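Subject: Structure handover

Hello,

Please find the sequence and structure below. My notes on salt bridges, backbone angles and a surface patch follow.

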Amino acid sequence: MGTEYHVGVIPGDGTGPEVVAEGIKVLNAAADRFGFGLKYTTYDLGGERYKRTGETLPDSVIRELKQHRAIFLGAIGHPEVAPGILEKGILLKARFELDQYINLRPVKLYEGVDTPLKNKGPAEIDFVVVRENTEGLYAGAGGFLKKGTADEIAIQESINTRKGAERCIRYAFDVTRKRNKGKKLTLCGKTNVLTFAFDLWERTFYEVAKEYPDIATDYAHVDATCMWMIKNPEWFDVIVTDNMFGDIITDLGAMIQGGMGIASGGNINPEGVSMFEPIGGSAPKYTGQNVINPLAAIMAGAMMLDFLGEEQAAACIEAAAQKAITKDLPSLEAGKMGRGTREVGDLVCRYVLEQ
């Protein structure tokens, strides 16, 4: 047995535990195949715990999570908990406390997956979005004045630091170099309106670019980026952007790559503990029915192994998932896969071990 990695597991809400179970099943198959170990510690975090105790993410759990190499997350979101409580109390708190300053989102269309884009296929839809993950409008700065009156004022402040922008931009350049595909990095912003925040981003972008002469640089306003993602997604190799714009364009990216059933992402601290998750929500209406698609969670597991340095195992899982999509799954929609959640996990496991 090679290296053993300690992984924190947060199954979460709704269908989260179901897809996490299949992700772990596939991770274990890859570990067996490639000779490393995975030790899991499961944490009861999410809507049910909040309903029982009023707790979201206690500081004691944060301290424990810091001792792991990575975190595998299912989904957070409960229909009986008001919006924002779990998202801010668990997801955002984890990102901030663990300084997961990069949100990494591959936008990749796999062979055999339908896209709503006419005449586009896997060759045209294959890029990565690097989103700053701890600043911007999500930093929580702002407040109310005269709340509840006719003269109420709500202020939401976007916090952008040179350090935050630079480390995100530098990471994006490194991703572009490692991908070695189009060798082009696009800054997505709004320099014509957000003349303070994106002045900082743009200046930092072109200063850092001098250290990467092998990478071509480009700029697009966020509205133009959305248009080109639909019309000419092949123009993009890597996109780097701030927290809010990244949140928006990555959901658009999930749709053009075939939907939430295949989209996965990572909340990355390159020097610390990172968290990997399927992009789709908790899908409470499908809970316990064995119909939800686990491929996004399985691909999140592959991203986690890549982060841990087990690149062969990660590539093997991706190839196994592609084989299952091509040979066995007529659709990626819940209830239309021709197989149940557990059966899809079994199928991918088999292909991992057969390769």
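Arg-131 and Asp-247 form a salt bridge, with 3.8 Å between the closest N and O atoms; the term means a side-chain nitrogen of Lys or Arg within 4 Å of a carboxyl oxygen of Asp or Glu. Arg-131 lies in strand E5 and Asp-247 in helix H8 (residues 243–256), so this pair ties together parts that are 116 residues apart in sequence. Helices (H or I, at least four residues) and strands (E, at least two) are DSSP runs, numbered from the N terminus. Arg-131 is buried, at 4% relative accessibility, whereas Asp-247 is partly exposed, at 24%. Buried means under 20% relative accessible area, exposed over 50%, and partly exposed in between (1.4 Å probe, protein chains only).

On provenance: this is a predicted model, in which local features need pLDDT of at least 70 and side-chain atom pairs count only at pLDDT 80 or more, while totals for chains, interfaces and linings use all residues. Residues are numbered from 1 along each chain as its sequence is written, and side-chain values use heavy atoms, with hydrogens and water left out.

The structure holds 27 salt bridges. One of them joins Glu-234 and Lys-120, at 3.2 Å from N to O. Glu-234 lies in the loop between helix H7 (222–231) and strand E10 (238–241), and Lys-120 in the loop between E4 and E5, so the pair links parts that are 114 residues apart in sequence. Glu-234 is partly exposed, with a relative accessible area of 34%.

Asp-44 pairs with Arg-52 in another salt bridge, the closest N and O atoms being 2.5 Å apart. Here Asp-44 is partly exposed at 40% and Arg-52 is exposed at 54%. A network of salt bridges links Arg-162, Glu-166, Arg-170, Glu-207 and Glu-211.

Two asparagines have a positive phi. For Asn-119 the angle is near 65 degrees; this residue sits in the loop between strand E4 (102–108) and strand E5 (126–132) and is exposed, at 70% relative accessibility. For Asn-180 phi is near 55 degrees. Asn-180 is in the loop between helix H5 (162–179) and strand E8 (184–189), and is exposed at 52%.

Regards
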